[in-house]
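Here is a short walk through one site and its surroundings. Keep the viewer open and follow along.

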Amino acid sequence: MSFRRFWGSKLIKSFCSVKTPNYSTQPQPIDSEKFNSLSKNKKKLVLKNSLHHSITLSQFSSFYSSQYGQDRWQNLFQSLQNPTRYCALVNKFTSPRQIQSFLSTTPNLEQVSFLDLPCYVSSERFKQPEKDENGILNYYLLDAASIMVVKAFDLNVNDVILDLCAAPGGKSLVILQYLLSSIIHNNNNFNMDYGGFLTANDPSPSRCRRLKQVITDYIPLSLQHHIKILSLDLTLSLPTYDKILVDAPCSAERHLLNSSEFSKWKPSRSKIMAQKQYKMLLDAVKGIHVGGLLVYVTCSINKYENEEVVKKILKNSWVPLEEVKRVWMIGEPCEKGWIILPDKCDGWGPLYFAILKRVGEGEFRKKEKRTFRRFNVDKNIEKDHEE
């Protein structure tokens with residue numbers, strides 16, 4: 001097999017290291033001279049890893065085209081490889097002077113129309129956030145879809161909220177923008193002793209450190225009594241919260257496609273993730289008051305980690321739940337929940353969310369074993385093909 005025929009569209013970043021190359025799904029220029037200068041063993045390693053990457057990419061595309069259809073998948077796949085789009089959330093807790101400085105000095109600002117918080121996009125690269133006289137930064141960059149998720153909560157100023165997987169802290173910061181809005185609107189008197197309470201938890205100590213830094217940088221010290229930061233593998237047993245946000249670990253395909261971890265992807269990854277997400281939800285629903293809301297969130301495009309998990313929790317939950325259905329300004333409905341995909345939402349997303357409401361007390365007992373049957377990703381894919 002010739003070098004040209006073998007490599008065709010193969011993807012490679014480096015020919016110079018004996019380590020496994022970091023592949024990207026973006027085509028890279030082929031430097032045949034550099035390749036030919038490698039030793040025989042290094043050439044074999046490069047070819048082996050490139051072949052493995054090509055097989056993985058083929059499996060990946062086949063897996064997701066079975067869910068979205070070939071035409072839609074081609075467009076979605078291309079959009080997932082584009083850089084993540086960010087908007088600047090103006091921090092209500094910074095000084096008015098710093099807010100005005102940001103608005104007046106950032107070129108080509110345009111407010112995001114589908115959000116009710118002050119969020120802006122720009123055709124220029126955002127500069128570094130600046131601190132006010134109290135050391136509070138003036139804006140935070142995040143995907144606008146993340147703000148939509150918090151908007152789904154319909155937060156009240158006295159709500160008691162749990163952000164179960166809070167790091168790096170963007171959604172917790174958005175929650176606080178809503179939760180403490182009455183304090184901000186009252187002459188910026190940050191010492192008023194009312195308003196809701198947020199528990200922001202992340203079980204990873206390293207990620208929790210990032211979460212703490214975000215809270216320190218964006219929330220005045222005089223308001224931090226409204227926040228508790230934990231780094232625990234929480235187990236919930238009693239109804240404690242009005243609202244719970246479960247931003248579950250997921251396949252995160254947009255990140256995966258642009259990282260060296262892509263070569264480790266397997267179809268079975270979805271099944272493993274879905275089982276973890278389901279167990280997390282099964283525990284989390286016990287912590288909501290009757291009438292309270294849980295918002296389940298992933299940044300996955302995979303229905304087996306999204307609506308299939310929601311369908312399963314609605315069937316097997318310890319407590320009675322119902323889905324709250326709403327229509328949003330961007331995105332599209334799923335069988336259960338809502339998804340924002342970058343190919344049809346001007347680059348925002350991907351982000352899936354479903355709103356679940358606790359409608360009764362329920363019984364904390366394990367249901368019959370037959371109700372806990374695990375769905376088989378591969379069998380479901382076969383059914384999709386048959387249909």
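**A buried glycine and its surroundings**

Gly-169 is buried, since its relative accessible area is 0%, and buried means under 20%. The model is a predicted one. Gly-169 sits in the loop between strand 5 and helix 7. Leaving out residues up to four places away in sequence, Gly-169 touches Tyr-140, Leu-211 and Val-214.

Now step back to Pro-168. Pro-168 lies in the loop between strand 5 (160-163) and helix 7 (170-179). Pro-168 is partly exposed, at 39% relative accessibility. Beyond its neighbours within four places in sequence, Pro-168 is in contact with Tyr-140, Arg-207, Arg-210, Leu-211 and Val-214.

Next, the annotation. An unreviewed UniProt entry lists a "binding site" made of Cys-165, Ala-166, Ala-167, Pro-168, Gly-169, Gly-170, Lys-171, Asp-202 and Asp-247. These residues spread over 83 residues of sequence, yet they cluster in space, with a largest C-alpha distance of 12.8 Å. The lining of the largest pocket takes in Cys-165, Ala-166, Ala-167, Pro-168, Gly-169, Gly-170, Lys-171, Asp-202 and Asp-247 from this set.

Finally, turn to Pro-249. Pro-249 lies in the loop between strand 8 (241-247) and helix 10 (253-257). Its relative accessible area is 45%, so Pro-249 is partly exposed. Which residues does Pro-249 contact, leaving aside its neighbours within four places in sequence? They are Cys-165, Met-273, Gln-277 and Met-280. Cys-165 is also one of the residues in the UniProt "binding site" list. Pro-249 and Gln-277 are 28 residues apart in sequence, but their C-alpha atoms are 7.3 Å apart in space.

Note on methods: Residues are numbered from 1 along each chain as its sequence is written. This is a predicted model: local features need pLDDT of at least 70, side-chain atom pairs count only at pLDDT 80 or more; totals for chains, interfaces and linings use all residues. Side-chain values use heavy atoms; hydrogens and water are left out. Helices (H or I, at least four residues) and strands (E, at least two) are DSSP runs, numbered from the N terminus. Buried means under 20% relative accessible area, exposed over 50%, partly exposed in between (1.4 Å probe, protein chains only). Contact means heavy atoms within 4.5 Å. UniProt positions are given in the numbering used here, feature names are shortened, and annotations may be inferred rather than shown by experiment. On a 1 Å grid over the protein atoms alone, a cavity is a set of points where a 1.4 Å probe fits but cannot get out, and a pocket is an open set with protein on both sides within 12 Å along at least five of seven lines; lining residues have an atom within 4 Å of a point.
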